[in-house]
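Colleague: Hi! Could you walk me through this one while I have it open on my screen?

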Amino acid sequence: MKQFLGAVCGASVLLAVPAMAETTLTIATVNNGDMIRMQGLTSEFTKKNPDITVKWVTLEENVLRQRVTTDIATKGGQFDVLTIGTYEVPIWAKKGWLVPLANLGADYDVADLLPKIKDAVSVDGKLYAAPFYGESSMVMYRTDLFEKAGLKMPEKPTWDFVIDAAKKLTDKSAGTYGICLRGKAGWGENMAFLSAMANSYGARWFDEKWEPQFNTPEWKTTLTTYVNLMKEAGPPGASSNGFNENLALFNAGKCAMWIDATVAASFVTNPKESKVADKVGFALAPNTGLGKNANWLWAWNLAIPAGSKKTDAAEKFIAWATSKDYTKLVASKEGWANVPPGTRTSLYQNDEYLKVAPFAKLTLASIDAADPNKPTVKPVPYVGVQYAAIPEFQGIGTQVGQQFSAALAGSTSVDAALSAAQSSTEREMKRAGYIK
């Protein structure tokens with residue numbers, strides 16, 4: 001077995017090349033830790049399937065979305081396996097862009113998939129993608145800094161508590177910031193966080209008649225609170241920070257709190273990666289007492305584009321990468337705490353996992369608390385917690401994300417950002433025929 005590392009169009013590519021290869025699978029994925037780990041274990045798959053070669057194209061989240069969406073919409077055929085989110089799966093399946101996964105094997109155990117996650121990647125009872133890891137979001141915090149400041153994190157913190165604690169825990173001269181939050185523009189970056197935060201403040205993307213709601217007091221409160229909090233207690237350059245950047249800051253000991261994906265829990269508690277691994281606590285995402293926490297529901301999933309000529313090999317790979325056996329493989333190499341979370345019921349009944357994953361029960365509780373069918377305080381016409389599951393959302397969410405990132409950077413005001421978000425969203429919704 002030989003492995004070569006190279007680059008294609010600015011993306012890192014790992015080639016695992018077995019002898020006598022007959023089928024080459026090109027897999028597009030995101031540069032998150034669990035995916036990087038999967039690439040490192042590819043040889044375990046090719047050993048069992050010597051007729052299949054795997055070529056990885058690994059991209060930053062926003063770039064991945066752009067490349068994969070363009071490729072599938074134009075039937076470009078660059079990729080045989082796609083890494084896509086719970087947003088894309090139902091929309092693309094209904095357009096006939098994805099192959100249903102009907103041959104994952106007798107021992108795959110589809111019934112073991114967590115119901116919330118399985119529903120998110122199914123259409124009319126058929127699975128159109130297999131979840132690699134699932135997540136909600138929660139508060140990760142430094143227990144040592146809280147103790148030193150005489151603060152106690154509640155199990156269900158309010159935004160008032162979080163804001164007050166963030167200010168008290170900020171020590172800019174020591175390079176410690178009270179809170180780290182996403183600021184990088186993107187419908188799946190800053191808007192994932194801000195949409196979930198807005199839900200907890202009683203805001204919504206659209207009313208029941210699909211009218212955009214950025215001109216409401218609830219959105220003004222959400223964005224004002226976020227911008228002021230980050231100016232006072234956030235790190236410099238926060239408008240460029242997404243999931244990976246904040247993970248690096250937290251692991252370096254720079255953040256007292258970080259509200260983000262539950263999947264980060266295994267990374268922040270891993271002494272190989274985190275300077276503060278033994279000083280991290282967890283709590284549910286904050287609320288304002290209106291009945292909704294600021295937590296989302298998401299999974300990164302593996303799917304096959306309808307244009308692929310290599311469906312059998314692609315489905316074999318997907319079955320391997322999302323199986324119980326893959327979980328055991330990661331556990332044997334990296335320890336149970338580092339297996340991909342949030343997809344299978346059996347993982348949360350596994351004593352070996354529960355023993356070493358202090359975040360396990362809270363991850364499951366957060367996933368269970370997210371309700372894509374009733375994501376907001378007031379009624380809405382869309383499904384999705386941190387997004388609206390309509391094809392137009394990708395473009396709309398990115399435009400709004402750019403406005404809100406600019407408000408965080410200080411290059412526009414909160415009022416101007418909300419006004420621009422309202423007019424750009426109204427324009428797109430009129431163009432798409434949702435409103436007149």
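Modeller: Happy to. Bear in mind that this is a predicted model. Let me begin with Trp-210: its relative accessible area is 17%, so Trp-210 is buried, the cut-off being under 20%.

Colleague: Where does Trp-210 sit?

Modeller: Trp-210 is in the loop between helix 8 and helix 9.

Colleague: And what is phi like at Trp-210?

Modeller: Phi is positive there, near 70°, and Trp-210 is a residue other than glycine. Lys-75 also has a positive phi, about 55°, although Lys-75 is not a glycine.

Colleague: Thanks. Switching to aromatics: how many pairs are there?

Modeller: The count is 36 aromatic pairs. Take Phe-206 and Tyr-382: their ring centres are 5.9 Å apart and their planes stand at 80°, so this pair is edge-to-face.

Colleague: Which parts of the chain does that pair link?

Modeller: Distant ones: Phe-206 and Tyr-382 are 176 residues apart. Phe-206 belongs to the loop between helix 8 (190–200) and helix 9, while Tyr-382 belongs to the loop between helix 15 (360–369) and helix 16. Both Phe-206 and Tyr-382 are buried.

Colleague: What about Phe-250 and Trp-258, how are those rings arranged?

Modeller: Phe-250 and Trp-258 make a tilted pair, with 35° between the planes and 6.1 Å from centre to centre. Phe-250 and Trp-258 are buried too.

Colleague: What does Asn-251 touch?

Modeller: Leaving aside residues up to four places away in sequence, Asn-251 touches Phe-267, Val-268, Glu-273, Ser-274, Lys-275 and Val-276.

Colleague: Good. Now helix packing, starting with helix 16 and helix 17: at what angle do their axes cross?

Modeller: Roughly 170°, and the axes of helix 16 (residues 393–409) and helix 17 (residues 414–431) come within 9 Å. That makes helix 16 roughly antiparallel to helix 17, since angles over 145 degrees fall in that class.

Colleague: Which residues of helix 16 and helix 17 meet?

Modeller: On the helix 16 side they are Ile-396, Gln-399, Val-400, Gln-403, Phe-404 and Ala-407. Among their partners in helix 17 are Val-414, Leu-418, Ala-421, Thr-425 and Met-429. By class, the contact between helix 16 and helix 17 holds 10 nonpolar, four polar and two charged residues.

Colleague: And helix 7 with helix 9, how do those axes cross?

Modeller: The axes of helix 7 (residues 159–169) and helix 9 (residues 217–233) cross at roughly 20° and come within 9 Å. Helix 7 and helix 9 are therefore roughly parallel to each other. The crossing of helix 7 past helix 9 is left-handed.

Colleague: Which residues make that contact?

Modeller: Helix 7 brings Ile-163, Ala-166 and Lys-167, and helix 9 brings Thr-225, Leu-229, Glu-232 and Ala-233. Sorted by class, the contact of helix 7 with helix 9 has four nonpolar, one polar and two charged residues.

Colleague: What angle do helix 1 and helix 13 pack at?

Modeller: About 90°, with the axes of helix 1 (residues 33–40) and helix 13 (residues 324–334) 12 Å apart. That makes helix 1 roughly perpendicular to helix 13. Asp-34, Arg-37 and Met-38 of helix 1 meet Tyr-326, Val-330 and Glu-334 of helix 13. The classes in this contact of helix 1 with helix 13 are three nonpolar, no polar and three charged.

Colleague: One more helix: how many residues of helix 12 are buried?

Modeller: Eight of the 11 residues in helix 12 (residues 311–321) are buried, and the helix is mostly covered. The buried residues of helix 12 include Glu-315, Phe-317, Ile-318 and Trp-320.

Colleague: Last one: is Lys-94 buried or exposed?

Modeller: Lys-94 is exposed, with a relative accessible area of 66%. Lys-94 is found in helix 4 (residues 88–94).

Key:
Residues are numbered from 1 along each chain as its sequence is written. This is a predicted model: local features need pLDDT of at least 70, side-chain atom pairs count only at pLDDT 80 or more; totals for chains, interfaces and linings use all residues. Side-chain values use heavy atoms; hydrogens and water are left out. Axes are lines fitted to C-alpha atoms, for helices over the stretch in contact, and angles run from 0 to 180 degrees between N-to-C directions. Helices (H or I, at least four residues) and strands (E, at least two) are DSSP runs, numbered from the N terminus. Angles under 35 degrees count as roughly parallel, over 145 as roughly antiparallel, 65 to 115 as roughly perpendicular and the rest as oblique. Contact means heavy atoms within 4.5 Å. Ala, Val, Leu, Ile, Met, Phe, Trp, Tyr, Cys and Pro count as nonpolar, Asp, Glu, Lys and Arg as charged, and the others, Gly among them, as polar. A crossing is left-handed if the near helix is turned anticlockwise from the far one by less than a right angle, and right-handed if clockwise. Rings of Phe, Tyr and Trp (its six-membered ring) pair if their centres lie within 6.5 Å; planes under 30 degrees apart count as stacked, over 60 as edge-to-face and the rest as tilted. Buried means under 20% relative accessible area, exposed over 50%, partly exposed in between (1.4 Å probe, protein chains only).
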